[in-house]
Amino acid sequence: MNRREFLATSAAASVGFSLFGAESSTVSTSLSHPAILGGNPVRTTAWPAWPVFDETEESAMLKALRGGKWFRGSGNQVVGFEKAYAKRAGAKHCVATSSGTTALLTTLGALNIGPGDEVILPPYTFVATYNVITMHYALPIFVDIDIATSQLDAEKIEAAITPNTKAIIPVHLGGNCCDMDKILEVAKKHNIPVIEDACQSHLAEWRGKMVGTWGTAGCFSFQASKNLNAGEGGAIVTNDDDFANLCFGFQDQGRPKGTKFEHHYTRGANLRMTEFQGALLQAQMTRIEEQAKRRTENAKYLESMLKDIPGIQPQQSYAGCTRNAYHLFAFRYNAEHFAGLSRDKFMHALNREGIECAAGYVHMPKGTHIQNLLANRHYQRLYSKDVLERFAAHCECPQNKALCEVNVRFTQNQLLGPRSDMNQIAEAIRKIQVNAAEIMKA
Ligand SMILES: Cc1ncc(COP(=O)(O)O)c(C=O)c1O
């Protein structure tokens with residue numbers, strides 16, 4: 001498409017936007033002079049602030065402070081949060097933890113994962129999913145992703161299963177959902193527990209039921225960037241009474257629920273949530289439905305605009321994903337439609353237009369993390385050369401590598417403003433596309 005054709009398409013598109021009401025009047029058809037070449041940026045105002053709080057959070061925190069019971073063993077804030085979150089998730093139990101990482105660590109501890117065990121995970125995830133496996137000295141086995149959805153490719157799981165496979169950790173990435181039908185089918189066939197890493201997907205739903213409630217257990221994070229935020233924090237949800245008790249014990253120094261200090265029965269640590277986190281989370285929960293609704297409206301609108309821009313492919317969802325929580329809004333960037341402009345330069349130009357964006361994860365399976373594991377003396381003692389070679393072979397993951405090279409993402413707070421913010425994102429991308437050849441030369 002040449003510049004003139006593009007301008008015509010863009011002008012037509014902006015007429016279309018007027019269907020969406022007054023907010024869309026901010027859409028400009030002027031695609032000249034990108035900010036990176038000295039022009040005016042499309043956006044000059046800040047993105048919606050995160051975290052969101054007011055007197056609701058202030059009074060909840062003060063109440064916890066003034067109550068003087070700051071430890072979950074003596075107060076009732078964490079218990080209150082566990083009840084509320086279990087109810088919202090539609091799960092029988094919720095066990096709160098200090099973080100999403102410790103929630104995952106706890107579930108693997110409750111499964112008694114240890115040296116010699118293999119745990120399947122996708123490579124496109126935050127490194128915590130991998131770290132919790134190595135914390136138990138088990139072997140992480142990567143199964144490649146489906147590039148269209150960025151999720152674990154469920155069709156490839158079965159080929160990675162061995163007699164040593166003791167858990168599968170699908171990651172519901174970016175608020176989206178994994179293909180839980182296929183994952184549970186394979187897991188059931190081989191009798192392997194599924195621990196859903198739903199750290200990024202609060203309120204997301206697979207076939208109308210919240211993610212995290214489909215497998216043996218699901219783990220959530222309340223770290224500062226997450227859609228439900230307490231600075232730090234985590235939770236495990238499960239419908240299994242015995243598993244809930246094992247998880248409770250693991251996060252509380254290996255003590256079964258309700259027992260005295262001397263009754264240690266298994267491995268464990270202090271991975272407990274504080275009363276302040278419990279209080280803050282209950283207050284933040286009063287906001288999540290409204291925020292989720294706004295994210296969905298904006299994300300769908302943005303998706304409808306971006307999919308019409310050549311070279312921009314918004315992340316897809318499986319048909320079974322009945323609710324995407326849009327923790328991230330991601331798309332694949334194809335430089336061929338931008339005069340060969342590299343992704344890094346594209347992102348730089350977009351940032352200069354006032355549209356914050358980032359690339360997302362690097363190709364973890366080829367990173368130093370993995371090389372260090374192969375060289376780790378404990379791993380060398382625990383696993384034969386053949387086993388470590390098989391582990392290395394599972395690190396190939398070509399789809400993951402491809403995604404890591406082309407992914408671009410926005411964060412959830414960028415979806416919390418008015419619809420006109422979405423128009424600005426689309427406008428800035430079009431502006432860069434029209435001027436890509438000139439940006440290349442600069
Ligand atoms: C997919 C995934 N798993 C696990 C975690 C770990 O959660 P936390 O940071 O609360 O320990 C995160 C956090 O970013 C995550 O995104």
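**View 1. Helices H3 and H8 cross in a left-handed way.** Here left-handed means that the near helix is turned anticlockwise from the far one by less than a right angle. In this predicted model, residues are numbered from 1 along each chain as its sequence is written. Local features need pLDDT of at least 70 and side-chain atom pairs count only at pLDDT 80 or more, while totals for chains, interfaces and linings use all residues. H3 covers residues 77-89 and H8 residues 275-284, and they pack at about 40° with axes 7 Å apart. The axes are lines fitted to C-alpha atoms over the stretch in contact, with angles running from 0 to 180 degrees between N-to-C directions. So H3 and H8 are oblique to each other, the word for angles that are not under 35 degrees (roughly parallel), over 145 (roughly antiparallel) or 65 to 115 (roughly perpendicular). Helices are DSSP runs (H or I, at least four residues), numbered from the N terminus.

**View 2. A look at the ligand's surroundings.** Of the 14 residues around the ligand (C-beta atom, placed from the backbone, within 6 Å), Ser-99, Gly-100, Thr-101, Cys-199 and Ser-221 come nearest.

View 3. The protein chain has a mean pLDDT of 92, and 92% of its residues reach 70 or more. Over residues 1-29, though, pLDDT stays under 50.

Notes
Helix = DSSP H or I, 4+ residues; strand = E, 2+ residues; numbered from the N terminus. pLDDT = per-residue confidence, 0-100. Contact = placed C-beta atoms within 7 Å.
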